[in-house]
Every structure is written in structure tokens, then in C-alpha cells.
Amino acid sequence: MSKVILNSDKEIVKTIREGLKKKDGYCPCRIPKTPENKCMCQEFRDQIADPNWYGFCHCLLYEKIKTDEDI
């Protein structure tokens, strides 16, 4: 079973979280404040729903990783 974790780079996490605060929880990497851009954005939720997809969200805050059960 895969899982979603925060990026291990604490500086990226700090920067993105500061951006989220400034934009009221909307992705700082996207201009429109729309429901699909509210963190955790729709794009990443769609990606993590795919059992074959692994990687970072658009802004690099979250990462979907494989666990031992996936290998």
C-alpha cells in the first residue's frame, strides 16, 4: 500500500506552507483560487488515486511513495 508523505526537504516544506498561509490554503504555485487548487489540490488527489503513479504534487509539498507492500 502506498502512502503520501511531506517532502523530506524541510526548506521546501517551509516555503510552500508559508505560501499556503498567504493564499488561504490555496496552492501557491497556481494563480486562480478555485476549489480544485485548494491544498491538497485536485490534480494531486487524482494522481494519488492512480495505483501505478508515484511522485510529487505540483508544488513539491507532498510525495506519494511506494511501501514494502507495493514492491
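Mentor: The account below starts with the whole chain, then takes the salt bridges, then the loop residues.

This is a predicted model, in which local features need pLDDT of at least 70 and side-chain atom pairs count only at pLDDT 80 or more, while totals for chains, interfaces and linings use all residues. Residues are numbered from 1 along each chain as its sequence is written, and side-chain values use heavy atoms, with hydrogens and water left out.

The chain holds two helices and three strands. Helices (H or I, at least four residues) and strands (E, at least two) are DSSP runs, numbered from the N terminus. Their order along the sequence is β-α-α-β-β. The C-alpha trace spans about 40 × 25 × 10 Å along its principal axes. Of the 71 residues, 25% are buried. Buried means under 20% relative accessible area, exposed means over 50%, and partly exposed lies in between (1.4 Å probe, protein chains only). Among contacts with a separation of 6 or more, 40% join residues 24 or more positions apart. A contact means heavy atoms within 4.5 Å.

Now the charges. The chain has 13 positive and 12 negative charges, and their mean positions are 7 Å apart. Lys and Arg count as positive, Asp and Glu as negative; His and the chain ends are not counted. Each charge is placed at NZ of Lys, CZ of Arg, CG of Asp or CD of Glu.

The whole structure has three salt bridges. The criterion is a side-chain nitrogen of Lys or Arg within 4 Å of a carboxyl oxygen of Asp or Glu. Start with Lys14 and Glu18, whose side chains meet at 3.9 Å, N to O. Both lie in helix 1 (residues 10-22), four residues apart, about one turn of the helix. Lys14 is partly exposed at 46% relative accessible area. Glu18 is also partly exposed, at 39%.

Next comes Lys33 with Asp24, where the closest N and O atoms are 3.6 Å apart. Lys33 is partly exposed at 47%. Asp24 counts as exposed, at 54%.

The remaining pair is Glu43 and Arg30, at 2.1 Å, N to O. This pair links distant parts of the chain: Glu43 sits in helix 2 (residues 42-49), Arg30 in the loop between helix 1 and helix 2, 13 residues apart. Glu43 is partly exposed at 35%. Arg30 is partly exposed at 22%.

Stay in that loop for Lys23, which is placed there too. Lys23 is buried yet has no salt bridge; its nearest side chain of opposite charge is Asp24, 9.4 Å away. What does the Lys23 side chain reach instead? It reaches the backbone oxygen of Cys27 at 3.2 Å. The cut-off for a polar contact is a pair of N or O atoms within 3.5 Å; within protein, one must be able to donate a hydrogen and the other to accept it, and residues adjacent in sequence count only if both atoms are side-chain atoms. Leaving aside residues up to four places away in sequence, Lys23 touches Pro28, Arg30, Ile31 and Lys33.

Cys29 also lies in the loop between helix 1 and helix 2. Cys29 is partly exposed, at 37% relative accessible area. Again leaving out residues up to four places away in sequence, Cys29 touches Ile16, His58 and Cys59. Cys29 and Ile16 are 13 residues apart along the chain, and their C-alpha atoms are separated by 8.6 Å.
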